[in-house]
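Hi there,

Here is the structure I promised to pass along.

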Number of protein chains: 2
Amino acid sequence: MSVSITDIAKHLKLSNSTVSKALNGYSDVSDQTRERVMQTAQDMGYQPSAAARSLRRGRTDKIGLFLNTSIEYVVDYLSGMIPGAVMTAQSLEMNLLIHTITDNDPQHLLKVCRAGEIDGVVLFSTHYDERTIEALIADKFPFVVMGRAISDPRVSYVVPDYYAGSYEGTQYLIELGHTRIAFTTRPELTTANEARLQGYLDALTDAGIAHDDDLIAPTYLIEDSGTRATETFLRLQQPPTAIFAFHDLVAVNVINTLHKQGVRIPEDISVMGFDGLRAGFMTMPHMTTVAQPLADIGERVIKRVHERIENPDAEATQDTLPVELIIRGSTAPPK
Amino acid sequence: MSVSITDIAKHLKLSNSTVSKALNGYSDVSDQTRERVMQTAQDMGYQPSAAARSLRRGRTDKIGLFLNTSIEYVVDYLSGMIPGAVMTAQSLEMNLLIHTITDNDPQHLLKVCRAGEIDGVVLFSTHYDERTIEALIADKFPFVVMGRAISDPRVSYVVPDYYAGSYEGTQYLIELGHTRIAFTTRPELTTANEARLQGYLDALTDAGIAHDDDLIAPTYLIEDSGTRATETFLRLQQPPTAIFAFHDLVAVNVINTLHKQGVRIPEDISVMGFDGLRAGFMTMPHMTTVAQPLADIGERVIKRVHERIENPDAEATQDTLPVELIIRGSTAPPK
DNA sequence: ACTTTTTACGAAAACGATTTAGTAAAGGCT
DNA sequence: AGCCTTTACTAAATCGTTTTCGTAAAAAGT
């Protein structure tokens with residue numbers, strides 16, 4: 001069916017070793033022969049068999065990115081980080097493959113690794129359990145976690161600086177003149193949540209503002225979770241003049257709820273999101289937000305996986321990348 | 001490093017042919033031997049080498065889905081169709097792999113196919129050119145186009161019923177009592193655009209309503225394209241009482257613009273979107289929309305690719321799947 | 001007791017590439 | 001001429017499976 005190295009060899013009356021060497025730039029091939037081989041390969045549409053090459057060389061030049069597509073907003077991160085990841089992979093002469101994982105087959109990731117289908121793995125934040133990590137470590141299989149800080153020193157990860165993002169966002173609101181700044185948390189994400197909450201609290205403290213527990217409410221990424229939090233804030237005797245939501249999708253909810261209640265944004269209340277997703281452009285006014293450096297994360301995570309592939313015994317690396325405050329229309333000084 | 005069939009054979013003092021047969025359910029293996037092999041394979045953590053197996057068997061049991069991640073809203077479709085696609089692939093004992101394509105390397109898809117990395121391809125609507133299709137046909141490589149109707153009878157595709165969606169959406173608005181229904185088009189998507197426009201026009205005609213060219217405006221998936229269209233509609237002597245947008249993201253824009261102008265939704269003007277993306281939940285009120293059957297599309301497209309892999313010489317298939325009208329809060333009878 | 005069939009296994013080839021080890025032929029040197 | 005080096009190639013092993021063919025031993029049939 002498809003054309004192999006032997007087909008080229010026969011056609012040129014050469015041995016397949018010579019053809020292989022010509023294609024792979026070995027020096028013990030005459031210029032003339034190399035030229036003929038190259039030309040014929042081109043003409044016959046030769047493409048080396050990935051299976052044969054990988055079997056012989058023991059590597060695939062592929063990195064696997066595993067995603068649980070049942071987690072909805074995953075795709076937002078995906079579209080943000082993939083361009084950087086793909087470009088970096090290309091420059092390292094590797095391919096990035098996205099594997100889907102389901103709850104049906106928890107062993108899928110390990111199977112793929114052990115079957116030698118990829119040389120390294122990017123684990124997307126919440127998409128794994130402890131046993132997977134332990135198994136990868138035991139196998140000495142190169143992997144890097146993206147989006148979650150793991151305290152295990154054997155584990156490499158790349159995360160955005162949640163703490164700084166939260167701190168800077170709060171600081172920005174304080175600089176605008178706000179003192180009653182509400183904050184929504186996301187309790188199920190322990191590490192990220194703690195970092196963000198602490199950033200908020202520290203920014204208040206450093207500005208000499210006492211924090212008010214009434215201004216802190218939990219939200220979840222389910223519909224209308226932000227609505228309830230907003231209504232709670234509005235019912236306070238002294239409502240906030242700014243709301244800093246844990247996540248852009250929650251902020252969308254906050255903004256819609258405020259609209260509905262006749263509250264003007266940003267004149268009456270400022271709203272700020274977190275993550276820098278496209279949803280920030282869907283609100284009126286567009287949303288001020290703390291953006292994750294998704295392209296940088298994609299780039300870095302591929303670089304780190306590649307390093308681990310090249311040198312599996314090196315120390316694990318922990319990267320915390322700076323976030324960016326994106327000022328749009330939903331924030332302004334208080335009345 | 002990793003454990004091979006030969007390791008198991010040595011450990012049990014068997015030949016590797018016997019081990020292979022035991023693992024693959026051949027009948028000329030005694031029950032006792034099979035049991036021992038299975039157990040040892042389990043104990044040693046054996047996982048067959050994908051490369052070796054694929055080299056020998058000539059197939060990979062993988063389907064590739066190619067995406068150009070630089071196209072923004074692709075991920076919305078992705079998250080919608082992937083669960084169905086993955087589940088179907090699983091039931092067919094195949095894996096779905098997502099490959100990224102970039103403008104850097106237009107030959108990437110063909111290389112992957114010719115390298116034998118996958119057995120079949122899902123082509124995502126706009127992510128290919130004519131030459132790619134021609135090359136795949138020439139190679140007799142199994143592929144199915146998703147989301148775009150190709151008039152070439154050699155090409156299999158799976159598309160949502162754009163025409164019916166547009167017709168039914170318009171019909172619904174008419175049944176609510178609207179007669180002045182604005183419609184936005186998306187000129188750069190020829191086939192889908194024509195189908196949708198025709199559905200709108202036919203629904204009007206069938207209801208005995210003359211269409212008004214002033215109520216048809218082009219939009220694009222760039223920021224604020226929907227804003228301009230909306231402002232144009234509002235300036236008309238006799239403005240529409242309903243706006244049917246070509247795409248949910250445009251409808252978000254329309255809704256925000258109407259809010260800004262003080263127009264109430266749905267009391268003053270009804271708004272309807274198309275596609276059924278998550279964006280429909282980000283507006284207040286939530287958006288009535290014509291949803292693409294993304295899960296069904298995912299399922300069908302994998303089924304079709306699989307059929308073509310099993311029987312490459314069968315006739316190409318064309319599937320048009322029914323859309324679904326999802327009624328939420330942005331539509332109501334006119335005043 | 002003899003042939004025939006069945007059972008359970010092994011030897012070896014094959015898939016397509018890479019790579020090591022070897023070798024004719026040509027050229028250079030004394 | 002005789003020896004050494006370089007050049008340009010080939011043979012063959014190898015990666016880990018699958019699969020065809022062959023064959024002892026056991027079981028069954030006469």
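Predicted model: local features only at pLDDT ≥ 70, side-chain atom pairs only at ≥ 80, totals over all residues.

By class, the surface near DNA strand C has eight nonpolar, twelve polar and six charged residues.

Now for the other strand. DNA strand D is surrounded by 26 residues, and the closest are Ser17(A), Thr18(A), Ile5(B), Ser17(B) and Ala52(B). Two or more residues of this surface come from each of H2 and H4 of chain A and H1 (5–12), H2 and H4 of chain B. Here the largest share, six residues, belongs to H2(B). The surface near DNA strand D divides into eight nonpolar, twelve polar and six charged residues.

H2 (residues 16–24) of chain A packs against H3 (residues 31–44) of chain A at an angle of about 90 degrees, and their axes are 9 Å apart. H2(A) is therefore roughly perpendicular to H3(A). On the H2(A) side the contact uses Thr18(A), Val19(A), Ala22(A) and Leu23(A), while H3(A) brings Thr33(A), Arg34(A), Val37(A), Met38(A) and Ala41(A). Six of the residues in this contact are nonpolar, two are polar and one is charged.

The two protein chains also touch each other, with 40 residues of chain B in contact with 41 residues of chain A. On the chain B side, the elements that give two or more residues are H4, H5 (74–91), E2 (95–100), H6 (108–114) and H11 (248–260). H5(B) provides the largest share of that side, seven residues. By class, this side of chain B has 19 nonpolar, 15 polar and six charged residues.

Further along chain A, have a look at H9 (residues 190–206). Its 17 residues reach 24 Å from the first C-alpha to the last, close to the 24 Å expected at 1.5 Å a residue. Its buried residues are Ala192(A), Ala195(A), Arg196(A), Leu197(A), Gly199(A), Tyr200(A), Ala203(A) and Leu204(A). These buried residues of H9(A) pack against H8 (162–176), E6 (181–185) and E8 (242–244) of chain A. Just after H9(A), Gly208(A) takes a positive phi of about 75 degrees.

Finally, a few backbone details to check on screen. Most residues other than glycine have a negative phi, and most peptide bonds are trans. Glu93(A) has a positive phi, near 60 degrees, and lies in the loop between H5 (74–91) and E2 (95–100) of chain A. Glu93(A) counts as exposed because it has 8 C-beta neighbours inside 10 Å. In chain B, phi of Lys140(B) is positive too, near 55 degrees, and this residue is in the loop between H7 (130–139) and E4 (143–146). A cis peptide bond joins Ile265(B) and Pro266(B), with omega about 5 degrees, and Pro266(B) is in the loop between H11 and E9 (270–275) of chain B. The bond from Met284(B) to Pro285(B) is also cis, with omega near -10 degrees.

Best wishes

Conventions
Residues numbered from 1 in each chain as written. Chains lettered and ligands numbered in written order. Axes fitted to C-alpha atoms, helices over the stretch in contact; angles between N-to-C directions. Helix = DSSP H or I, 4+ residues; strand = E, 2+ residues; numbered from the N terminus. Parallel < 35°, antiparallel > 145°, perpendicular 65-115°, else oblique. Contact = placed C-beta atoms within 7 Å. Nonpolar A, V, L, I, M, F, W, Y, C, P; charged D, E, K, R; others polar. Expected span 1.5 Å × (residues − 1). Buried ≥ 20, exposed ≤ 12 C-beta atoms within 10 Å, placed from the backbone. Near = placed C-beta within 6 Å.
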